[in-house]
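Me: I would like to go through this structure with you, one topic at a time. Could we begin with how pockets are found?

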Amino acid sequence: MEQVLYTIRENVPVTAEVWRMVLAGDTGAITAPGQFLNLRVPGFTLRRPISVCDWDEGSVTLLYKVLGHGTEAMAAMQAGDKVDALTGLGNGFDTGKSGQRPLLVGGGVGTPPLYGLCRVLRREGKEPVVLLGFGTAGDVLLEKEFAALGAEVHIATEDGSAGRKGFVTAVMPELSYTYLYACGPLPMLRAVDAAAKTGGQLSFEERMGCGFGVCMGCSRKTKSGSKRICKDGPVLERGEVLWEEQG
Amino acid sequence: MGRTRVTLSGWELDNPVIPASGTFGYGLEFAELYDINCLGTFSVKGTTLAPRFGNPTPRIAECPAGLINSVGLQNPGVDHVLAVELPRLAKVYRKKVIANVGGFSVEEYAETCRRLDASDQVGILEVNVSCPNVDHGGMSFGVSPQAAAQVTKAVKAVTKKPVYIKLSPNVTDIVPIAKACEEAGADGLCLINTLLGMRVDLKTRRPVIANRMGGYSGAGIFPVALRMVYQVCEAVRIPVIGMGGVSTAEDVLEMMLAGAAAVQVGTANLIDPWACKRIIEDLPAAMERYGMDSLEEIIGGAHHG
């Protein structure tokens, strides 16, 4: 973890609810796709944890959904503004176990961290298959960008306005893959876990306090003991996940 | 260093700044960020006899000047703390720590403290009496002078280490409880714990926190904490560690003028992981600005004249 004072290079809407923020500054603390930044938003006590969509040596791209007052304040920030961020948080995805043809399943705003993962997998010479689920055609994120990386892309929407009508789990049985990576809302993760035919890694979301492992605000029970989603996660191995009631 | 030195029950601290329990884990995450030996000491994550997962999530709710938490004393249990956490800490931290202890019966408090008494790394036992008394209808030990005194006596009987009782602010009058602990043999007091609070999510129309209510902490509670420290320091002779919303070096000075012998910093660590280091570095300039030569001589200064 490092604290970096980033400069906003771009902050623009990409759909009705999702914005893209590109931050210029040191990204040396980001070591794996699926990690996140915790941004200080002026006027708010807690930082906002936002997953890394992509990064290079001098910039990091975030896609975030405007959900409440904090993310509304983020959307009001302007290019040139400074943002205090804790960066390189969380474990991120491990690409070592992916095999040649991993399946990347994203749901809604859980899609962005899979983009950085896809880029790393492609660089490693792998042939990822990407399956993304959204509510409607206007919500679809990153479809062209994944295709531009050379991935095979499948889309599902609940209303059928883009791709297959229904949930991602309707498409999963038709795909062949060597490993699973998934990020999205809890019900989606659970359904994807139940449908999966291989080992895999799931990225979880939880309301956080500190974001770096000390407040125990985001704990989740697993088969290998209690895990802090912010520090031991957000990515958990499929085999260790417990779906029972927590607490 | 001499100008910021303070003493707690004969234990000399380089400075009065102490990260509060539950906001600093067992120190390791912070040791990666800065040399935590700069701290006066720190209070480790609240420890109970048996391991506890704690409450369901969400456990955190944001407030304009703080946050509400309902973690539920998640911890790996005292034996794991003694066997794993404290030895691991010893590799990066040379000083003694404050061991924060929770419990759900008088016997449990005593047994956990008896086991912690064996560790040379523990300088003070900080007994959190805000936990529910399971044997007596679930009311917090800390709301009754008798129950708080009972815990104090039971813990004092099993340890030679100084025993500091961490008091709950969720009471009509904190002073009789503080006095009851002093009379029962407490070596010091720590106050305040979090204030019971709640938020409702306007979209779901349900409490934000799964457990509905939680402990409110952060800058917003500082004036309440300062007032209670002031009131308790009027009434007792044992040292008081002041805490509640402390975020700056000037807050530390205010707490000490109200009577605190040392000061804990909690929620500020969660927002700025370097908060305690920054406060310690800011102390000499803040003292200079207000004409304070040494911290020990300002303790309780607001009570005079």
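Reply: On a 1 Å grid over the protein atoms alone, a pocket is an open set of points with protein on both sides within 12 Å along at least five of seven lines, whereas a cavity is a set of points where a 1.4 Å probe fits but cannot get out; lining residues have an atom within 4 Å of a point. The model is predicted, with local features needing pLDDT of at least 70 and side-chain atom pairs counted only at pLDDT 80 or more, while totals for chains, interfaces and linings use all residues. Residues are numbered from 1 along each chain as its sequence is written, chains are lettered from A and ligands numbered from 1 in the order in which they are written, and side-chain values use heavy atoms, with hydrogens and water left out.

Me: How many residues line the second largest pocket, and which lie nearest its centre?

Reply: The lining has 46 residues, and Asn69(B), Asn128(B), Asn193(B), Thr194(B) and Gly215(B) are nearest the centre. Strands E5 (66-69), E13 (214-217) and E15 (262-265) and helix H8 (267-271) of chain B each give two or more residues to that lining. Helices (H or I, at least four residues) and strands (E, at least two) are DSSP runs, numbered from the N terminus. E13(B) supplies the largest share, three residues.

Me: What is the volume of the second largest pocket?

Reply: The volume of the second largest pocket is about 1,100 Å³. A volume here is the space filled by probe spheres set on the grid points, which are joined across faces, edges and corners.

Me: And the lining of the second largest pocket by class?

Reply: The lining comprises 17 nonpolar, 26 polar and three charged residues. Ala, Val, Leu, Ile, Met, Phe, Trp, Tyr, Cys and Pro count as nonpolar, Asp, Glu, Lys and Arg as charged, and the others, Gly among them, as polar.

Me: Changing topic: how many residues of H3 of chain B are buried?

Reply: Eight of the eleven residues of helix H3 (residues 106-116) of chain B are buried, and the helix is mostly covered. Buried means under 20% relative accessible area, exposed over 50%, and partly exposed in between (1.4 Å probe, protein chains only). The buried residues of H3(B) are Val106(B), Glu108(B), Tyr109(B), Ala110(B), Glu111(B), Thr112(B), Cys113(B) and Leu116(B).

Me: What do the buried residues of H3(B) pack against?

Reply: They pack against four elements of chain B: helix H2 (78-90), strand E6 (97-101), strand E7 (122-128) and helix H4 (145-156). Contact means heavy atoms within 4.5 Å.

Me: At what angle do H7 and H9 of chain B cross?

Reply: The axes of H7 (residues 249-257) and H9 (residues 275-289) of chain B cross at roughly 65 degrees and come within 8 Å. Axes are lines fitted to C-alpha atoms, for helices over the stretch in contact, and angles run from 0 to 180 degrees between N-to-C directions. From H7(B), the contact involves Ala249(B), Glu250(B), Val252(B) and Leu253(B); from H9(B), Ile279(B), Asp282(B), Leu283(B), Ala286(B), Met287(B) and Arg289(B). By class, the residues of this contact are seven nonpolar, no polar and three charged.

Me: Now the backbone. Where is the cis bond of chain A that involves Pro234(A)?

Reply: The cis peptide bond joins Gly233(A) and Pro234(A), with omega about 10 degrees. Pro234(A) is in the loop between strand E14 (225-228) and strand E15 (235-237) of chain A. In chain B, the bond from Thr57(B) to Pro58(B) is also cis, with omega near 0 degrees. Most residues other than glycine have a negative phi, and most peptide bonds are trans.

Me: Is Leu73(B), with its positive phi, buried or exposed?

Reply: Leu73(B) counts as buried because its relative accessibility is 18%. Its phi is near 55 degrees. Ser9(B), not a glycine, has a positive phi of about 50 degrees, and counts as partly exposed because its relative accessibility is 38%.

Me: Finally, what does Cys218(A) touch?

Reply: Not counting residues up to four places away in sequence, Cys218(A) touches Glu206(A), Arg207(A), Met208(A), Lys227(A), Arg228(A), Ile229(A), Cys230(A) and Thr57(B). Cys218(A) and Glu206(A) are twelve residues apart along the chain, with their C-alpha atoms separated by 5.7 Å. Cys218(A) counts as buried at 3% relative accessibility.
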